[in-house]
Amino acid sequence: MNGTRRAFLGTALGAAAATALSRPAYAAEGGRRRRIPPSGIGMHLYTMRTPLAKDFKGTLARLAGMGYATVGVSGRHGNSAAAIRGMLEETRLKAVLEHVGYTVVTSDGLPQALDDIHTLGARWIVVPSLPGSMHTPAGFREAARQFNKAGLAARESGLGPLLFHNHGLDHEVVDGENLYDILLNETDPELVAFELDVYWAAKGGADPRSLFVRHRRRFPALHVKDMAPDGGFADVGSGTLDFPSMFDTARSGRVKQWLVEHDSPADPFTTAQNSYTYLANLRY
C-alpha cells in the first residue's frame with residue numbers, strides 16, 4: 001500500500017474503509033447494497049479487437065447477449081462511424097465514447113472527429129495517450145492547454161467534455177511535479193474530464209478513491225481492468241484490485257460508465273463474460 005493510499009484510508013475513509021477492505025466482493029451486508037446500474041456496464045472494444053476484425057457485428061451481438069449495455073470504440077476495423085452506429089443499433093448497444101489520437105485532436109482533424117462522435121451516438125471524445133516526448137511537466141502543461149481548446153470545441157458542438165485516458169507513466173513525479181496532477185489542476189473542469197484506467201492508476205501509485213474525492217465530478221468513465229498477482233492483466237474480479245473499496249467514492253467522481261478492459265485476453269469472449277458477471281453482481 002503506497003503513501004497516498006495509507007493517508008487516504010487514515011483521513012477520508014478511516015475505519016469504515018478499513019473494514020470494507022476485509023469483506024468479500026459480493027457481500028451485501030453491512031450497508032454494502034450499492035450496485036453498478038445495468039446501463040453503466042460497458043466494454044471497451046480494444047479488448048475485443050481480434051474477433052472484431054473478423055466479425056464486427058457478430059462480436060457486438062455476443063456482447064449484447066451477455067448483458068453489456070454500452071461500448072467504448074477503439075479502432076473501427078475498416079468500418080465508418082455510420083456503419084458502426086448501424087451495427088450498434090441492430091444489436092441494441094450504445095457507444096458512449098471513442099478514442100482519438102492526440103495528433104488528431106490538436107489538428108484540423110478535430111472537427112471531423114467530433115462529427116464522428118455525433119454519428120456514433122456517443123458523448124465523449126477521448127485522448128488515449130500522449131506522445132512519449134511530452135512526458136515532462138512542460139509537455140503536460142502544453143497538453144492541458146490543448147485539451148482546454150479541444151474541450152471547448154467539443155462543448156460548442158454539443159458533446160460532453162474531452163476525456164483523457166491515463167497510463168502508469170502519467171502518474172510519475174518528474175522534476176518534483178506529478179504529471180497527472182498537472183492535467184487535473186490546469187484544465188477547465190467544464191471542458192476536460194478523465195476516463196480513469198484503474199489498473200494503470202494503481203500501477204502508477206495513484207488511489208482512485210482519493211482521486212474521486214479530491215477531484216469531484218471529473219471521472220465520468222472508467223476502464224475497469226484487474227491486476228494479476230504478477231502485475232499483469234486479469235479478468236475483472238479475478239485479480240488483486242479491491243473494486244468494492246475503489247468504487248466506494250465513485251459517486252463523488254460522478255462515474256457513469258464502467259467499461260471493462262483487458263489488454264491481452266487469452267479468450268476475449270471468456271474475459272467479457274467473466275468480467276460482466278462480476279460487475280453485474282458486485283455490491284459496494
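Guide: Phe 56, Lys 57, Leu 60, Ala 61 and Ala 64 of α3 meet Ile 84, Met 87, Leu 88, Glu 90 and Thr 91 of α4, where contact means heavy atoms within 4.5 Å. The model is a predicted one, in which local features need pLDDT of at least 70 and side-chain atom pairs count only at pLDDT 80 or more, while totals for chains, interfaces and linings use all residues. Residues are numbered from 1 along each chain as its sequence is written, and side-chain values use heavy atoms, with hydrogens and water left out.

Visitor: What makes a stretch of the chain a helix or a strand, and how many of each are there in the protein chain?

Guide: Helices (H or I, at least four residues) and strands (E, at least two) are DSSP runs, numbered from the N terminus. The protein chain has 13 helices and 12 strands.

Visitor: At what angle do α3 and α4 pack?

Guide: Helix α3 and helix α4 (residues 81-91) pack at about 35 degrees, with their axes 9 Å apart. Axes are lines fitted to C-alpha atoms, for helices over the stretch in contact, and angles run from 0 to 180 degrees between N-to-C directions. The crossing of α3 with α4 is right-handed. A crossing is left-handed if the near helix is turned anticlockwise from the far one by less than a right angle, and right-handed if clockwise.

Visitor: Why are α3 and α13 called roughly parallel?

Guide: Helix α3 (residues 56-66) and α13 pack at an angle of about 25 degrees, and their axes are 10 Å apart. Angles under 35 degrees count as roughly parallel, over 145 as roughly antiparallel, 65 to 115 as roughly perpendicular and the rest as oblique. The pair α3 and α13 is therefore roughly parallel. Their crossing is right-handed. Thr 59, Arg 62, Leu 63 and Met 66 in α3 meet Phe 269, Ala 272, Gln 273 and Tyr 276 in α13.

Visitor: Why is Asp 197 called buried?

Guide: Buried means under 20% relative accessible area, exposed over 50%, and partly exposed in between (1.4 Å probe, protein chains only). Asp 197 has a relative accessibility of 0%, so the residue counts as buried. Asp 197 is found in strand β8 (residues 192-197). Leaving aside neighbours within four places in sequence, Asp 197 is in contact with His 165, Asn 166, His 223, Lys 225 and Glu 261. A polar atom of the Asp 197 side chain lies 3.1 Å from the backbone nitrogen of Trp 200. A polar contact is a pair of N or O atoms within 3.5 Å; within protein, one must be able to donate a hydrogen and the other to accept it, and residues adjacent in sequence count only if both atoms are side-chain atoms.

Visitor: Is Arg 283 buried or exposed, and what does its side chain reach?

Guide: Arg 283 has a relative accessible area of 19% and is therefore buried. Arg 283 belongs to the segment after α13 (268-281). Its side chain reaches the backbone oxygen of Ala 280 at 3.4 Å, and a polar atom of that side chain lies 3.2 Å from the backbone oxygen of Asn 281.

Visitor: Which residues of α8 are buried, and what covers them?

Guide: The buried residues of helix α8 (residues 179-186) are Leu 179, Tyr 180, Ile 182, Leu 183 and Leu 184. Their cover includes α7, β8 and α10 (208-214). In helix α10 lies Leu 211, which is buried because its relative accessible area is 3%.
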